Amino acid sequence: EGHIWIESEGLGKGCTAIFIVKLGIPGRLNESKLPIMPRMSTIHGQIAFPGLKVLVMDENGVSRMVTKGLLVHLGCDVTMVSSSDECLRVVSHEHKVVLMDVCVPGIDGYETAMRIHEKFTKHHERPLIVALTGNTDKVINENCMKVGMDGIVLKPVSLDKMRSVLSDLLEHQVPFEAI
Amino acid sequence: MEKNPMRRQLAIMRQALFDQGYLDEQFIQLEELQDDANPNFVEEVVTSYYRDSARLILKIEQALERKPFDFNKLDGYMHQFKGSSSSIGAKKVKAESTLFREHCNSGNGEGCVRAFQQLKQEYATLKKKLEAYFQLARQAGPMETACRPK
């Protein structure tokens with residue numbers, strides 16, 4: 001049921017397409033079955049992620065401090081860990097994103113990512129996993145994709161880059177390669 | 001244009017750090033994270049950097065006293081050092097770290113020693129400049145906005 005028509009003031013003056021359509025109201029959904037998607041909002045005209053729970057794994061203390069500062073500035077609720085073991089112990093379905101440094105000698109970020117996949121068998125409970133790396137060569141890209149990471153970001157990460165990475169991840173939920 | 005002479009001096013000092021290649025864009029990123037909730041964020045990160053990196057420098061010095069050089073170990077320490085330096089935008093220090101790692105990869109012990117001496121000089125120079133900068137910043141009072149270098 002409905003109408004659709006075009007109105008115009010004349011040739012060369014553009015036209016407006018207008019439609020009236022009757023929509024139904026969806027039946028009540030069982031919300032506990034839906035994945036809880038964090039809502040993005042805007043603060044001072046820029047995208048922020050209030051209360052988004054993020055877990056950061058990075059052995060480097062200074063780098064961890066900066067990443068935390070970035071995420072807190074974007075409104076995130078940040079947990080920091082410095083080792084794979086700690087990461088696997090702490091990670092829960094409440095964390096929506098895990099950011100992990102994959103270029104530290106002695107810490108196998110790839111294996112940690114695989115074990116996160118094993119830990120969360122239900123797809124919608126698994127946190128999104130993003131690799132933080134100091135260089136993005138083809139091998140690193142391929143390894144990250146192979147172990148099921150959802151994205152790769154080159155360190156050091158700028159505020160704008162982190163904002164767009166989180167925004168893309170939460171909106172599209174598809175793997176991407178960051179420049 | 002800053003009317004306050006101290007703030008003007010601070011702006012000039014800051015600009016010089018970028019123009020002379022001591023700092024890069026990453027330092028500006030740190031400044032952008034400084035706000036009312038974290039009013040001393042930049043200085044806190046830089047202080048943490050100098051504390052952590054001093055330990056790494058000592059480890060590298062000790063490793064360079066043992067012969068033959070364990071290039072894997074040296075590279076591992078420098079990887080950490082480079083990561084930290086990169087996080088605060090320490091441009092020249094980062095460049096020297098890269099050079100050191102290249103010498104590690106090619107097993108060039110003399111190159112490592114030379115690069116390390118140069119690195120320590122750049123590291124000390126930057127430390128002095130940043131200490132002076134933060135001291136003046138504290139005297140000048142809180143900054144309103146981060147300014148990108150022209």
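Colleague: What makes A:Asp58 and A:Lys155 a salt bridge?

Modeller: The distance does. In this predicted model, the N to O distance between the two side chains is 3.2 Å. The cut-off is 4 Å between a side-chain nitrogen of Lys or Arg and a carboxyl oxygen of Asp or Glu, so the pair counts.

Colleague: Which parts of chain A does that pair tie together?

Modeller: A:Asp58 lies in the loop between strand 5 and helix 1 (61-73), and A:Lys155 in the loop between strand 9 (151-154) and helix 5 (159-172), so the pair ties together parts that are 97 residues apart in sequence.

Colleague: How do you know whether A:Asp58 is buried or exposed?

Modeller: The relative accessible area of A:Asp58 is 0%. Buried means under 20%, so A:Asp58 is buried.

Colleague: And what about A:Asp101 with A:Lys155, why is that called a salt bridge?

Modeller: By the N to O distance again, which is 2.3 Å for A:Asp101 and A:Lys155. A:Asp101 sits in strand 7 (residues 97-101) of chain A, while A:Lys155 is in the loop between strand 9 and helix 5 of chain A, 54 residues apart.

Colleague: What does the accessibility of A:Asp101 make it, buried or exposed?

Modeller: Buried: its relative accessibility is 4%, and the limit is under 20%.

Colleague: Which residues make up the network here?

Modeller: A:Asp58, A:Asp101 and A:Lys155 are joined into one network by salt bridges that share partners.

Colleague: What is the peptide bond from A:Lys155 to A:Pro156, cis or trans?

Modeller: Cis, with omega near -5°. A:Pro156 lies in the loop between strand 9 and helix 5 of chain A. Chain B has a cis peptide bond as well, from B:Lys67 to B:Pro68, with omega near 0°. There B:Pro68 is placed in the loop between helix 3 and helix 4 of chain B.

Colleague: Back to salt bridges. What makes A:Lys53 and A:Asp77 one?

Modeller: Their closest N and O atoms are 2.7 Å apart, and the limit is 4 Å, so the pair passes. It links distant parts of the chain, with A:Lys53 in strand 5 (residues 53-57) and A:Asp77 in strand 6 (residues 77-81) of chain A, 24 residues apart.

Colleague: Why are A:Lys53 and A:Asp77 called partly exposed?

Modeller: A:Lys53 has 26% relative accessibility and A:Asp77 has 33%.

Colleague: How many salt bridges does the structure hold, over all chains?

Modeller: The total is 11. Across the interface of chain B and chain A, though, the rule finds 0.

Colleague: Then how many residue pairs are in polar contact between chain B and chain A?

Modeller: The count is 5 residue pairs, with both residues at pLDDT 80 or more. On the side of chain B that touches chain A, the elements giving two or more residues are helix 2 (25-32), helix 3 (41-65) and helix 4 (71-88) of chain B. Helix 4 gives the most, with 7 residues. By type, the residues on that side divide into 6 nonpolar, 9 polar and 4 charged.

Colleague: How much area is buried between chain B and chain A?

Modeller: About 1,500 Å², with carbon and sulfur atoms giving 62%. The contact takes 19 residues from chain B and 17 residues from chain A.

Colleague: What is the secondary structure of chain B?

Modeller: 6 helices and 0 strands. Chain A, for its part, has 5 helices and 10 strands.

Colleague: What share of the contacts in chain B join residues at least 24 apart?

Modeller: 69%, among contacts between residues at least 6 apart in sequence. For chain A, residues 24 or more positions apart account for 60% of the contacts with a separation of 6 or more.

Methods: Residues are numbered from 1 along each chain as its sequence is written. Chains are lettered from A and ligands numbered from 1 in the order in which they are written. This is a predicted model: local features need pLDDT of at least 70, side-chain atom pairs count only at pLDDT 80 or more; totals for chains, interfaces and linings use all residues. Side-chain values use heavy atoms; hydrogens and water are left out. Contact means heavy atoms within 4.5 Å. Buried area is the accessible area (1.4 Å probe) that two parts lose on being put together, summed over both. A polar contact is a pair of N or O atoms within 3.5 Å; within protein, one must be able to donate a hydrogen and the other to accept it, and residues adjacent in sequence count only if both atoms are side-chain atoms. Helices (H or I, at least four residues) and strands (E, at least two) are DSSP runs, numbered from the N terminus. Ala, Val, Leu, Ile, Met, Phe, Trp, Tyr, Cys and Pro count as nonpolar, Asp, Glu, Lys and Arg as charged, and the others, Gly among them, as polar. Buried means under 20% relative accessible area, exposed over 50%, partly exposed in between (1.4 Å probe, protein chains only).
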